[in-house]
Amino acid sequence: MKIAVPSPGNTLESDVDSRFGRAAGFVVYNTEDETFVVTDNNQNLNAAQGAGIQAAQNVALTGADVVIAPSFGPKAFRVLKAAGLKTFLCSGGTVKQTIEDYIAGKLSESDAANVEGHW
Amino acid sequence: MRIAVASGKGGTGKTTVAVALSLAASEPVLYADCDVEEPNGSIFLRPENERTEEVLVEIPEIDEAVCTSCAACARFCQFNALVSLGTPPLVFPELCHSCGGCRIVCPSGAISWKNVSIGEIAIGKSDRGRISVVQGKLNVGSSLAPPVIRQVKTHIPEDSLCVLDCPPGTACPVIESLNGADYVLLVTEPTPFGLHDLKLAVDTVRELSLPFSVVINRCDEGNDGVENYCAGERIHIIARIPHKRSMAEAYSRGGNLFDAIPEMRDLFRDIPRMIERGIAVE
């Protein structure tokens with residue numbers, strides 16, 4: 001299983017980014033071989049509109065099964081669901097801690113966008 | 001002649017100036033409210049016998065039975081209005097700019113058009129019929145101001161005096177409003193913020209090669225940064241409106257500039273002729 005987490009950094013010790021669409025990138029962790037890759041999301045940092053949509057596509061293209069973030073906007077959420085990804089909410093901390101919390105079953109699944117666009 | 005009233009900074013007095021120009025004109029005039037996100041000219045002009053028309057734009061509709069999920073449309077769309085993840089595309093109408101490209105690149109003919117309403121135009125008369133008032137209003141939640149502005153401008157007759165009350169800023173809605181204008185009045189205030197945004201507005205109208213001059217509102221407040229900048233750039237200051245409590249009082253009741261400062265009427269009546277004679281051209 002692959003787990004994607006938005007982050008401004010590129011290690012498992014990096015912080016979780018509070019934003020999904022305009023995160024600098026995504027750390028995608030593979031639970032099977034315990035490796036990770038980092039996907040760049042830079043082209044969305046300054047997008048006027050549609051950042052969440054593009055970010056959600058980027059995440060879907062990594063082959064992630066689960067995405068964990070503190071918030072999801074309405075358009076990103078729609079794309080993630082169309083791509084069949086599971087969405088879970090976290091409250092910050094490091095990427096590593098977030099993934100461990102998810103595996104331990106401490107995080108709750110998000111069944112709707114929890115912030116407005118451009119929040 | 002089409003005179004556009006623009007500013008850069010919001011809240012400098014565009015509507016005050018545009019309404020004053022319309023009221024003072026000695027001939028029939030059309031006041032076009034192009035600030036379609038927050039139109040407010042009609043508060044001061046109080047048009048009567050208004051009729052309205054809808055503003056429709058075309059967005060793609062996908063026939064999922066025909067779509068082969070090839071994603072050509074999603075790759076083409078620069079606004080992320082179409083997203084395909086190995087599926088028939090999701091459509092995000094609020095991001096669509098109605099360019100029609102998706103329909104052209106679709107190899108299977110799965111895309112057709114559907115009309116959606118994004119706003120409304122109100123057309124009425126003010127000042128016993130002398131002033132035609134055309135107001136565009138973008139629906140709450142819609143973000144595409146330019147199509148509404150374009151439709152406002154379809155109501156402007158050729159060869160008549162028209163005052164366009166533009167939106168603030170220097171982005172697409174302003175460019176759309178300025179397109180086709182003969183002259184621009186840039187309204188500013190003598191503050192650092194007013195000066196900063198005036199410079200952006202000057203860059204914009206120069207890029208568009210439009211002749212312009214500056215109106216300084218609340219001219220006796222703030223500092224002399226705007227005056228010095230205009231002198232250095234050889235920009236003509238066509239009017240200075242003093243800061244008066246009576247103006248704020250009149251404004252708060254829906255009154256106009258001349259309710260507070262009647263002696264400014266002659267200047268505003270003459271501005272179209274001054275522009276025509278080229279006195280106020282940069």
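Reader: How do β1(A) and β2(A) pair, and over how many bridges?
Author: β1(A) and strand β2 (residues 25-30) of chain A pair in the antiparallel sense over six bridges. Two strands count as paired if DSSP finds at least two bridges between them. Strands (E, at least two residues) and helices (H or I, at least four) are DSSP runs, numbered from the N terminus.

Reader: Is this a predicted model, or what is it?
Author: This is a predicted model: local features need pLDDT of at least 70, side-chain atom pairs count only at pLDDT 80 or more, and totals for chains, interfaces and linings use all residues. Residues are numbered from 1 along each chain as its sequence is written, while chains are lettered from A and ligands numbered from 1 in the order in which they are written.

Reader: Back to that pair. Which residue is the bridge partner of Val5(A) in β2(A)?
Author: Val27(A).

Reader: And what does β2(A) do with β3(A)?
Author: They run antiparallel, joined by six bridges. Gly25(A) has Asp40(A) as its bridge partner in β3(A). The hairpin of β2(A) and β3(A) has four residues between the strands, and there Glu34(A) takes a positive phi near 55°.

Reader: What is the strand order in the chain A sheet?
Author: The order is β3-β2-β1-β4-β5-β6, an open sheet of six strands with mixed pairing. Its edge strands, each pairing on one side only, are β3 (35-40) and β6 (108-109) of chain A.

Reader: Where does a parallel pair come in?
Author: Strand β1 (residues 2-7) of chain A runs parallel to strand β4 (residues 66-69) of chain A, with two bridges between them. Ile3(A) is bridged to Val66(A) in β4(A).

Reader: What is the order of its nine-strand open sheet?
Author: It goes β3-β6-β7-β2-β8-β1-β9-β10-β11 (chain B), and the pairing is mixed. β3 and β11 (237-241) of chain B are the edge strands, each pairing on one side only. From one strand to the next, the twist averages 20°.

Reader: What does β6(B) pair with?
Author: Strand β6 (residues 111-126) of chain B pairs with strand β3 (residues 48-62) of chain B in the antiparallel sense, over 13 bridges. There, Ile62(B) has Ile111(B) as bridge partner. β6(B) also pairs antiparallel with strand β7 (residues 131-138) of chain B, over eight bridges. Ala122(B) is bridged to Gln135(B) in β7(B).

Reader: Which residue takes a positive phi in the hairpin of β6(B) and β7(B)?
Author: Asp127(B), near 55°. Four residues lie between the strands of that hairpin.

Reader: And how does β2(B) run relative to β7(B)?
Author: Strand β2 (residues 29-33) of chain B runs parallel to β7(B), with five bridges. Tyr31(B) stands opposite Val133(B) in β7(B).

Reader: Which strands does helix α5 of chain B lie across?
Author: Helix α5 (residues 145-153) of chain B lies across β2, β3, β6 and β7 of chain B, at about 160° to β7(B). Axes are lines fitted to C-alpha atoms, for helices over the stretch in contact, and angles run from 0 to 180 degrees between N-to-C directions. Residues are in contact if their C-beta atoms, placed from the backbone, lie within 7 Å.

Reader: How is chain B divided into domains?
Author: Into domain 1 (2-55 + 118-277) and domain 2 (57-117). The bounds come from an automatic or database domain assignment. The C-alpha centres of the two domains of chain B lie 38 Å apart. Eight residues of domain 1 of chain B are in contact with five residues of domain 2 of chain B.

Reader: Which residues have the most contacts inside the largest nonpolar core?
Author: Among them are Val5(A), Val5(B) and Leu21(B); this core has 112 residues. A nonpolar core is a set of buried Ala, Val, Leu, Ile, Met, Phe, Trp, Tyr and Cys residues joined through C-beta atoms within 7 Å. Buried means 20 or more other C-beta atoms within 10 Å of the residue's own, exposed means 12 or fewer, and partly exposed is in between, with C-beta atoms placed from the backbone. Helix α1 (residues 14-24) of chain B gives the most to this core, seven residues.

Reader: Where does this core lie?
Author: Domain 1 and domain 2 of chain B both give residues to this core, so it lies between them.

Reader: What does Leu21(B) touch?
Author: Leu21(B) touches Ile3(B), Val163(B), Phe268(B) and Ile271(B), not counting residues up to four places away in sequence.

Methods: Contact = placed C-beta atoms within 7 Å.
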